Amino acid sequence: MDLEIPNIEGTQRLNVMPLRDIVVYPGMVIPLFVGRSFSVKAIEDAFKNNKLMVFVLQKDRDKEEPTNIKDFYEIGTIVKILRAVPLEDGRLKILAQGIEKGKLTNIEKINGIYIGNVEPIKEQVILIDSLSKKEKAYVSSIKDLLEKAINLGKQIIPDFIAIIRETEELDKFLDLVASVLDLKAQDAQSILEIDDIHKKLVKIHDLLASEVSILELQNRIKNSAREKMEKEQKEYYLRQQMKAIQEELGEADDKQAEVKDYLEKLKKLKAPKSVKLDIEKQINRFAKMYPESAESTVIRTWLDWIFELPWSKKTKDKFNIEEAQKILDKDHYDLEKIKERIIEYLSVRKLTKGQGSKSTILCFIGPPGVGKTSLGQSIAKATGRPFVRISLGGMRDEAEIRGHRRTYVGAMPGRIIQAIKQAGVKNPLIMLDEIDKLAVSFQGDPAAALLEVLDPEQNKNFTDLYIGHPFDLSEVLFVATGNRADTIPQPLLDRMEVLYLSGYSEEEKLHIAKSHLLPNIIKEHGFKESDIKIKDDAILEAIRSYTREAGVRNLKQKLSSILRKLAVKKLKGQKPPFVVDKNAVKELLGAPRITREKEELEQAIGLVTGLAWTEVGGEIMYIEVTRLKGKGGLILTGSLGDVMKESAQAALSYIKSKADQYNIDTKLFSSYDIHIHVPEGAVPKDGPSAGIAIATGILSVFAEKPVRLDVAMTGEVTLRGRVLPIGGVKEKILAAKRASIYEVILPSKNKLEVMEDLPEYVRDKMTFHFVDHLDEVFDIVFKDPLKTKPKRGRKKVDTK
């Protein structure tokens, strides 16, 4: 930006811009928005040439377009346009610098632009230091008055004050001071027209002194009013004023009716005495407030919440065990142990008249689609309680549980109190869904807030921050669900009894589809049961080739997709009944989405069939091991976690320590690198249960012996070759069965779990090898003997 002031000599012919209500003084740098077309053209023309113009105040500010020189004041200011930026609406945003005063002698309009002859008016250059004592006193007084004005609240940029104080020439000093005065346009013009600089000094001093005196008077009035108005007089005045306003607006009757309604509700409310006293206090406050004020809205909302809470209303529990058993059997197939535990729970509550087993909070853990939420609904149905579900997935603010403090209009209670209100009784069944997916942030830890909710010793006096009073949650029946238990904080997990729901076998899915899913889906899609006949082989094809899950959620979606296709056929004229077989499924659902890897793979050295547990059930996991020239390094790929990497290292160390038993040259370990890869590298994998599979793959590579792919295995391995128990046994066995692998190696300590948890029809089709040591594993998966020393005895249990 160029702030250098050019020297102007002689009469100038300059573009003229009329001003409505502002006067520009020499030395001022001022931004302006220019909208009138002739002014925009004048600026654009000047900006292309020497950037000089003259700004002159027009006498009638309401006149849109001046017609002759009489419409202008005679004295204006020659300015330099420093910057001009066009705006989208056609206006210009400019930055102009006043240079010196000028006298407009004539004016004419050429091509839509005002152009006039301007005679520069040279100000007398007088240094402040050369002034007389009296004039110096005026200057000093002006500086003091500016400071005083700022202290009284006048808005002036501090840097601009510094510039004024440092200015040495009197004419520039006065022009800068004049630019900050609060003046009408005509008064500002009168200062610009003063020729005698000494008169100008006195005039500006007097105007500034007058402005300061007005500021002082305003401050005195404020202080005096504040001091004299006592609290009672102020309240009385405001109350009377508010009453008059309400009467004028016709709101007085509505407000009184609202207050009366609240008082009637208070009489009927069955709540603790402390709650009723606080309600009465808030109603009295509300009655004195203006209806549309923010605080009035906050109190009204709080009162509505308080009155809608069921402080004493509750349902009478139904503890008919036979009826509960029928409901559970109707809504859920299999899950015998879970049903048994629920019946035990209800039996205890019946014997204790609803007061027993308060500390028991059931938590269903299992893959998606296995019926966790519907179990909670069945419990609610069996006990006759309202069912309310709270989704905790991704919750990261503890105010979602404890409520927001009642300090702003948008405040509201937490999800627990909201659920109580939604249920309409104080003893509903509240399902805390996805409790394993709580998050932590700077807004607090919701899991910590839940500790109070689920603790029977504390929740009798649960205080929501919004409600502000204890509410009894001890009669609420809490049921939680989640996909895994290891992500639930331990203090929270300790307050719950965890019941694990495993995935379903193909036979179970087939029965669920026929008995539960299809009848509902057929009805939802506008068909009669006689219109649709889906054969068993069709359902099994959907299970095997279009879903890979532990539950039946995706199966339901695929069956619904089949029904939608049939609905289209019906509307196109094809008449029911529709018969769907295995071939029809492929036609309706397209190419199969799930491929059976076992059918694609051939027995090979270093290829092992492992078993894994995931949040959505069991999975087959093929582990690939190979060796390559190197220095004995271990390469691990496939997004393996730390535990799985440690299992691989332990397996390699065991094979190295037993090399002589398996006729392996120990020099091979130092001249080859081992690469272990688990396919589907984009999927993270972790856990210790792949230990025996990795050890088998390493031995296969160094012994150059292929591994049986028709045997799946799972188990943790130690440095001494011991096989330790693992979890997720049922899910892993079902995964092997889905992949048509009917022989499984398991740790011997998991034998009891297999016998108790697996259905008999699954055990009958499978062969299990329960092992304690890796040597036993190798004897099973390698057809030829590998060791030079006598073999260990192994345990084999054939359940066929």
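**Chat notes: rings, cores and a strand**

Q: Phe768 and Phe770: buried or exposed?
A: Phe768 and Phe770 are both buried. Buried is under 20% relative accessible area, exposed is over 50%, and partly exposed lies in between, with a 1.4 Å probe and protein chains only.

Q: What sort of model is this, and what was counted?
A: The model is predicted: local features need pLDDT of at least 70, side-chain atom pairs count only at pLDDT 80 or more, and totals for chains, interfaces and linings use all residues. Residues are numbered from 1 along each chain as its sequence is written, and side-chain values use heavy atoms, leaving out hydrogens and water.

Q: Back to rings. How many aromatic pairs?
A: The count is 10 aromatic pairs. Rings of Phe, Tyr and Trp (its six-membered ring) pair if their centres lie within 6.5 Å; planes under 30 degrees apart are stacked, over 60 edge-to-face, and the rest tilted.

Q: What is the geometry of Tyr662 and Phe778?
A: Tyr662 and Phe778 pair edge-to-face, at 5.6 Å centre to centre with 85° between the planes.

Q: Where do they sit in the chain?
A: Tyr662 is in the loop between α23 (642-657) and α24 (667-671), and Phe778 is in helix α29 (residues 774-781), so the pair links distant parts of the chain, 116 residues apart. Helices (H or I, at least four residues) and strands (E, at least two) are DSSP runs numbered from the N terminus. Tyr662 and Phe778 are both buried.

Q: And why is the pair Phe768 and Phe770 classed as it is?
A: That pair is tilted because the ring planes are at 35°, with the centres 6.1 Å apart.

Q: Which residues touch the most other members in the largest nonpolar core?
A: Ile279, Leu432, Ile435 and Met496 do, in a core of 55 residues. Helix α10 (residues 294-308) gives the most to this core, with six residues. A nonpolar core is a set of buried Ala, Val, Leu, Ile, Met, Phe, Trp, Tyr and Cys residues joined through side-chain atoms within 4.5 Å.

Q: What does Ile435 touch?
A: Not counting residues up to four places away in sequence, Ile435 touches Cys363, Leu392, Leu450, Ala480, Thr481, Ile488, Leu492 and Met496. Contact means heavy atoms within 4.5 Å.

Q: What is in the second core?
A: That separate core has 54 residues, including Ile43, Ile115, Ile164 and Val212.

Q: What does it pair with?
A: β3 pairs with strand β1 (residues 12-19) in the parallel sense over five bridges, and with β4 in the antiparallel sense over four bridges. Two strands pair if DSSP finds at least two bridges between them. Pro18 stands opposite Val56 in β3, and Leu52 stands opposite Lys80 in β4.

Q: Where is Asn68?
A: Asn68 is in the loop between β3 (52-57) and β4 (75-86). Asn68 counts as partly exposed because its relative accessibility is 36%.

Q: What does its side chain reach?
A: The Asn68 side chain reaches the backbone nitrogen of Lys70 at 2.9 Å. Asn68 and Lys109 are 9.1 Å apart in space, C-alpha to C-alpha, and 41 residues apart in sequence.

Note on methods: A polar contact is a pair of N or O atoms within 3.5 Å; within protein, one must be able to donate a hydrogen and the other to accept it, and residues adjacent in sequence count only if both atoms are side-chain atoms.
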